[in-house]
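Here is a note for a colleague who is opening this model for the first time. Please keep the sequence and the 3D view side by side while reading the points.

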Amino acid sequence: MPPLSSFVLEGTARLRLGPHPDRARQDAETLLLHLLGKNTAWLMAHGDKLLPDDLSLSYSELLERRYCGEPIQYIVGEMEFYGLPFRVTPDVLIPRPETEYLVEKVLELAASFPVPRIVDVGTGSGAIAVALAHKLPHAAVTAIDLSAATLAIARENAKRNGVAFRFLEGDLLAPVAEERFDFIVSNPPYVPETDRATLSVEVREYEPALALFAGDDGLEVYRRLIPAAFDALTPGGFVALEIGYGQSVAITELLTRSGFEQIEFVPDLQGIPRVACAQRPS
Ligand SMILES: C[S@@+](CC[C@H](N)C(=O)[O-])C[C@H]1O[C@@H](n2cnc3c(N)ncnc32)[C@H](O)[C@@H]1O
């Protein structure tokens, strides 16, 4: 039986033929470490150790799944968002690093609220709600999603990160129709249906369609969410939304039409507007 380092090399060679040759080595190593329950530092020190026979077959199976395009996060079932550990399954969108801009912006604005009431619409894995609850232990957080399976994962992630808050199943803000909030935050589905064919296999074939698509122009959810958010905010409260590439003009129009003021966009490192933020006038 060859040593672990040879398995990494063999795995890398296999994944170089797959959809992400650039990440072949990293993925091959991640899959092996996942099976062994060890970290990279351990592998560096123990690359000459032998892989138990039963794990050799499991390793080949994991490599094949990755070779076929299954996202590495679904295979290992784990990832980090905002420095916190999250469980991810095919029921939830894999949280993206860009969404951390949304968390940052809300944390900045929430600093002046003694007990911010926050609702995360379309919570998915709970990434945004858990990160906010973790950083703002005094906040009253509510997480909503249309999917019960998704909410089960979000609940698990809250527990895992030692935070507790309310989870509600339903359409957008319908489950909290009678309530008012200081912050309505959301990373809703915003991919145009017409872009489906342009998405990578990893996204198109493996991530939940409910988390991705929002009508032909990608704006269908914002069109309903933005006016509903205005009504559900306290005067002076904020809406913060992740937006898709090229959507800032349409979002400005929707926010203005609903009565929002102080509209601003947070750009990513490439200068692309990623988060729209606006205030309900006092
Ligand atoms: C883009 S994902 C975002 C997940 C998570 N907030 C994140 O940032 O990683 C959108 C989420 O919205 C949920 N969703 C889609 N339509 C919805 C609706 N009408 N009402 C509530 N949630 C909805 C989906 O189930 C999915 O979990």
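1. Two terms come first: on a 1 Å grid over the protein atoms alone, a cavity is a set of points where a 1.4 Å probe fits but cannot get out, while a pocket is an open set with protein on both sides within 12 Å along at least five of seven lines, and lining residues have an atom within 4 Å of a point. Grid points are joined across faces, edges and corners, and a volume is the space filled by probe spheres set on the points.

2. This is a predicted model, in which local features need pLDDT of at least 70 and side-chain atom pairs count only at pLDDT 80 or more, whereas totals for chains, interfaces and linings use all residues. Residues are numbered from 1 along each chain as its sequence is written, and side-chain values use heavy atoms, with hydrogens and water left out.

3. The search of the whole structure finds one cavity of 30 Å³ or more. The largest cavity holds about 50 Å³ of space and is lined by Leu15, Pro19, His20, Asp27, Arg66 and Tyr67.

4. Which residues come nearest to the ligand? Of the 19 residues around the ligand, they are Gly122, Asp145, Asp171, Leu172 and Asn187, where a residue counts as near if one of its heavy atoms lies within 4 Å of the molecule.

5. A side-chain N or O atom of Asp145 is 2.7 Å from a ligand oxygen atom, and a polar side-chain atom of Asp171 is 2.7 Å from a ligand nitrogen atom. A polar backbone atom of Leu172 lies 2.8 Å from a nitrogen atom of the ligand. Taken alone the ligand exposes 600 Å², of which the protein buries 96%, with accessible areas from the Shrake-Rupley method and a 1.4 Å probe.

Key: Polar contact = N/O pair within 3.5 Å; in protein donor to acceptor, adjacent residues only side chain to side chain.
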